Amino acid sequence: MGDDQTIGVIYVEDDDDVRIGGVQALELAGFSVLGFASVETANGSVRADMPFVVVCDVRLRGRSGLDWLSDLRRLDQDLPVILITGHGDISMAVQAMRTGAYDFIEKPCSSEQLISVVRRAAEKRRLTLEVRSLRSALADRQGIDASLLGRSPQIQEVRRLVSTLAATNVDVTIYGETGTGKDVVARCLHNHSGRRGGNYVAVNCGGLPESLVESELFGHEVGAFTGATRQRIGKIEYANGGTLFLDEIESMPLSVQVKLLRSLQDRSIERVGTNKPIAVDCRVVAASKVNLLELSEKRLFRADLYYRLGVAFIELPPLRERREDIPLLFEHFTLDAARRFERDAPILDEQTMLRLLAYSWPGNVRELRNVADRFVLGVLDGKAITKSGFATSEVSLPRQLENIERSIIEDALRRKQGDVQATAVLLSIPKQTLYDKIKRLSVNVDGIREGATVRSAS
């Protein structure tokens, strides 16, 4: 997130002394200011999407500030325009606010009052331009980039793997916590492969009763069991020529794993109730929340099936490990929700964005999407995204930013088992810079290393 010093001010006032005083006060507050004596001279400096707010006197010797407001609204309806009025112009200023002015200041005003109003307007302008930039970036994305959003090194690596593997027929296993987007990645592999003309068939292995798993996967013939009154084409057969996505494959019963293994090896299936083999050509994409190799070593998953599926792997990072992607993802979900609910897409304020960045996101991207839905509907409860305990309105902005930075560094160190050099490479910053941040933020590197040692030992 930026700061309000990045937003400049166009200040229009025909009284030289008042203009000079206002410009100096704003410059001392950190703003870049362009001063003009008339609307006519200022007009050439205004353009749509400019990083400025406008402060203009209502009564000028040439064209009035009120007339200019209409032009500025047509040029950029979100441009904050602050009107300066005399005592007798208050009713006029109130009417101007109804037609789009950001605020008005009554003469004479103190420097503190001017700076306070401009600072709020600058923050609004910064957020508006930031959202416009995000929306423009989203609109320009195509192909895999449009489905797997983010700028973090982790998601860039996922996109690279998907792009590489999509062009092949190799079976793929996707690892990731709940809500990280395993189905999205599987669909990308299908949609950008030579099999995109075939069916994409998703099976939630954990959501099927064990008694129906075989029938769902392999199909059945009439009379195969009580209630089988018609022939059924199974999921694997239906995926012929396309892609079969087996979600939560770790929950598949061992008895069914044997049949699946044989089907994958022979590339054929037998419907329940018949011994006739049916040739099937489909790509298998499996997904799991846990390491299948570790499960196989504990005899909770067939090792031969693991090695049959374990040709290529894609590991999806949890959202807490790629916090820099949250603004782009949230804006994408906001726009999507606005379309679905037929609402205007609101702009997120600074405090709520800080809460989003600081929150731990146990439900990952899926939870972020749900929060965006509530945001668009106007029912977002701020308490729902402050469980991390440090992103609250009572904490200053610098402290919140420090907490977010500390969280990112700690997550990166855990991923690299406390190796500072490897963490610096992961975060794309010099090693000495990382050491300085660790010291300033009081990051417990030794504790993270000890935790990594305990986990590896267990």
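(Buried is under 20% relative accessible area, exposed over 50%, partly exposed in between, with a 1.4 Å probe and protein chains only.) The model is predicted, so local features need pLDDT of at least 70 and side-chain atom pairs pLDDT 80 or more, while totals for chains, interfaces and linings use all residues. Residues are numbered from 1 along each chain as its sequence is written, and side-chain values use heavy atoms, leaving out hydrogens and water.

**Stop 1: D71 and R74.** R74 is exposed, at 65% relative accessible area. D71 and R74 form a salt bridge, with their closest N and O atoms 2.4 Å apart. (Salt bridge: a side-chain nitrogen of Lys or Arg within 4 Å of a carboxyl oxygen of Asp or Glu.) Both residues sit in helix α3 (residues 65-75), three residues apart, or about one turn of the helix. (Helices are DSSP runs of H or I with at least four residues, strands runs of E with at least two, numbered from the N terminus.)

**Stop 2: E130 and R126.** Select this pair in helix α5 (residues 111-140). E130 is partly exposed at 27%, whereas R126 is buried at 5%.

**Stop 3: D171 and R267.** Here the side chains meet in a salt bridge of 3.1 Å, N to O. D171 lies in the loop between α7 (153-166) and β6 (172-175), and R267 in the loop between α11 (254-266) and β11 (268-269), so the pair ties together parts that are 96 residues apart in sequence. D171 is buried at 3% relative accessible area. R267 is partly exposed at 27%. Next, select D49, D76, D78, R125 and R132: salt bridges with shared partners join them into one network. The whole structure holds 32 salt bridges.

**Stop 4: helix α16.** Select residues 364-377. The 14 residues should span 20 Å at 1.5 Å a residue, and the end C-alpha atoms are 20 Å apart, which agrees. (The expected span is 1.5 Å times one less than the number of residues.) Colour the buried residues: N364, V365, E367, L368, V371, A372, D373, F375 and V376. Then step to G378, which follows α16 and has a positive phi, near 80°.

**Stop 5: the largest pocket.** Its volume is about 790 Å³. Centre the view on R323, E324, P327, L357 and I408, the closest to the pocket's centre of its 36 lining residues. Elements giving two or more residues are α5, α7, α14, α15, α17 (397-415) and α18 (420-427). The largest share, eight residues, comes from α17. The lining has 21 nonpolar, three polar and twelve charged residues.

(On a 1 Å grid over the protein atoms alone, a pocket is an open set of points with protein on both sides within 12 Å along at least five of seven lines; in a cavity a 1.4 Å probe fits but cannot get out; lining residues have an atom within 4 Å of a point. Points join across faces, edges and corners, and volume is the space filled by probe spheres set on them. Ala, Val, Leu, Ile, Met, Phe, Trp, Tyr, Cys and Pro count as nonpolar, Asp, Glu, Lys and Arg as charged, the others, Gly among them, as polar.)

**Stop 6: the cavity.** One cavity has 30 Å³ or more. The largest cavity has a volume of about 40 Å³. Select its lining: I236, S263, L264, R267, S268, I269, V280 and C282. Both α11 and β11 give two or more residues. Five lining residues are nonpolar, two polar and one charged.
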